[in-house]
Amino acid sequence: IVALEKGRMEEVITVGAQPPTIEGSNINLREGEELTLVQMLYGLLLNSGNDVAVAIAEYIGGNVPTFTKLMNQKAKEIGAEDTYYVNPHGLTDNNHKTTAYDLALISRYALLNLPEFREIVSTKYKEIPQSDYLNRQLENTNRLLWSYEGADGVKTGYTTSAGRNLVASATRDGWQLLAVVLKSGWDDIWSDAASLLNYGFDNFQPVQLIEKGKVVCTEEVRYGNSDLKIKALQDFSGILPKSIPITQKVTLEESLTAPIKSGTVLGKLEFHQEDKSIGCVDLVAGENVKREIYTYWWFWVSGIVFILFIANRVLRAMNRY
């Protein structure tokens, strides 16, 4: 995320002395080798290149500690309050920590906001250059891309102390789910993630509960020259259990009295599943409603005065006649 937001995709990165020395999974970077940032990111996200992580950190931050500070700042901005990074590659450190929930928040942020990220993590194979004029053949370590319908990300992870970890995403019928599995068994990681995704797709659904501007009801307006169409102020949708019916309740002001200006908030439309509130939207006047002139007190007073005036003039005229 930090690299995509702060770097330029076609910028050429020259590998320093430190990246080739990093242990663990790598793509065999060599000192002095040059790759673009986007090529580096494929090596990072498809093959878990620890050497690439350090090369990117030095390119963006100037050095690893500075880049790590940027990572921690971004994690807090996203809302990952229980995450703390000590290095950019995730190798074991006693102060290094995160949670399943935080990983879901971070992954959701990347998937929603960074198209390049979505493209890279959904790629199965990628070819990038190598210093000896051969090409590196990268293969995504996320097996779900081959075995799970709709799989489109996100990232595997492994250390001896952390065990097998996976953030998995899949899209079906236009909506995407994330599953996070930490410290799973060697082969269980795939079935665990698939089970979580299946649970989501099987038991929940995206529901458009109301559309902005839709007429919810038509009400009589006291003293008004017409009935009033009451509309939803905004869209409202949610991911809801499939098996529980949705009910809605309209709550309006006790008395709708003219005049009413279009757009005036007049009440709420609430949504429930059983006894649980899902949420609500404001209801507003769909148009102007004018008050009938004869409903004003001064209309009758002035009318009586006018009648008395005319009667007086008639009587005076009759008397003169």
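Predicted model: local features only at pLDDT ≥ 70, side-chain atom pairs only at ≥ 80, totals over all residues.
1. Let us begin with a word you will need: a residue is called buried when its relative accessible area is under 20%. Once helix 2 has ended, the next thing to spot is serine 48, whose phi is positive at about 55°.

2. Now find the partner of helix 2. The axes of helix 2 and helix 3 approach to within 9 Å and cross at roughly 145°, and the crossing is left-handed. On the helix 2 side, Leu37, Met40, Leu41, Gly43 and Leu44 make the contact, while helix 3 brings Val52, Ala53, Ala55, Ile56 and Tyr59.

3. Zoom out to the nonpolar cores. The largest one has 45 residues, and Leu29, Met40, Leu41, Ile56 and Phe117 have the most contacts inside it. Which helices each supply at least two residues of this core? They are helix 1 (2-6), helix 2 (37-47), helix 3 (50-61), helix 4 (64-78), helix 5 (100-113) and helix 6 (115-121). A second, separate core holds 20 residues, including Leu228, Ala258, Leu269 and Val289.

4. If you set aside its neighbours within four places in sequence, leucine 29 is in contact with Val15, Pro20, Leu35, Met40, Asp51, Val52, Ala55 and Arg136.

5. Next comes a sheet of 3 strands, open and antiparallel, in the order 5-6-7. Why does one side of strand 5 (151-159) and of strand 7 (175-184) lack a neighbour in the sheet? Each of these strands stands at an edge and has a single partner strand, so one side is left without a neighbour. Neighbouring strands here are turned by 5° against each other on average, direction ignored. Strand 6 (residues 163-172) and strand 7 run antiparallel and are joined by 8 bridges; in one of the pairs, alanine 170 has leucine 177 in strand 7 as its bridge partner.

6. Helices pack on this sheet too. Helix 5 touches strand 5, strand 6 and strand 7, and its direction makes about 145° with that of strand 7. Helix 8 (residues 188-203) lies across strand 5, strand 6 and strand 7 as well, running at about 145° to strand 7.

7. Lysine 183 lies in strand 7 and has a positive phi of about 55°, although it is not a glycine. Is lysine 183 buried or exposed? Its relative accessible area is 57%, and the cut-off for exposed is over 50%, so lysine 183 counts as exposed. Leaving aside neighbours within four places in sequence, lysine 183 is in contact with Ser161, Ala162, Gly163, Arg164 and Asn165. Its C-alpha atom is separated by 108 Å from that of methionine 318, which is 135 residues apart from it along the chain.

8. Here is another open sheet, this time with 5 strands in the order 9-10-14-13-12 and antiparallel pairing. Strand 9 (215-219) and strand 12 (246-252) stand at its edges with a single partner strand each, so one side of each has no neighbour in the sheet. On average, neighbouring strands are turned by 30° against each other, direction ignored. Strand 10 (residues 228-232) pairs with strand 14 (residues 276-285) in the antiparallel sense over 3 bridges, and lysine 231 has valine 284 in strand 14 as its bridge partner.

9. Finally, some backbone details to check. The peptide bond from glycine 153 to valine 154 is cis, with omega near 10°, and valine 154 is found in strand 5. Another cis peptide bond joins alanine 258 and proline 259, with omega about 5°; proline 259 is in the loop between strand 12 and strand 13 (265-273). Tyrosine 223, in the loop between strand 9 and strand 10, has a positive phi near 70° though it is a residue other than glycine. At 30% relative accessibility, tyrosine 223 counts as partly exposed.

Notes
Residues numbered from 1 in each chain as written. Heavy atoms only, no water. Pairing = 2+ DSSP bridges. Helix = DSSP H or I, 4+ residues; strand = E, 2+ residues; numbered from the N terminus. Axes fitted to C-alpha atoms, helices over the stretch in contact; angles between N-to-C directions. Core = buried A, V, L, I, M, F, W, Y, C linked by side-chain atoms within 4.5 Å. Buried < 20%, exposed > 50% of the residue type's maximum accessible area, 1.4 Å probe, protein only. Contact = heavy atoms within 4.5 Å. Left-handed = near helix turned anticlockwise from the far one by under 90°.
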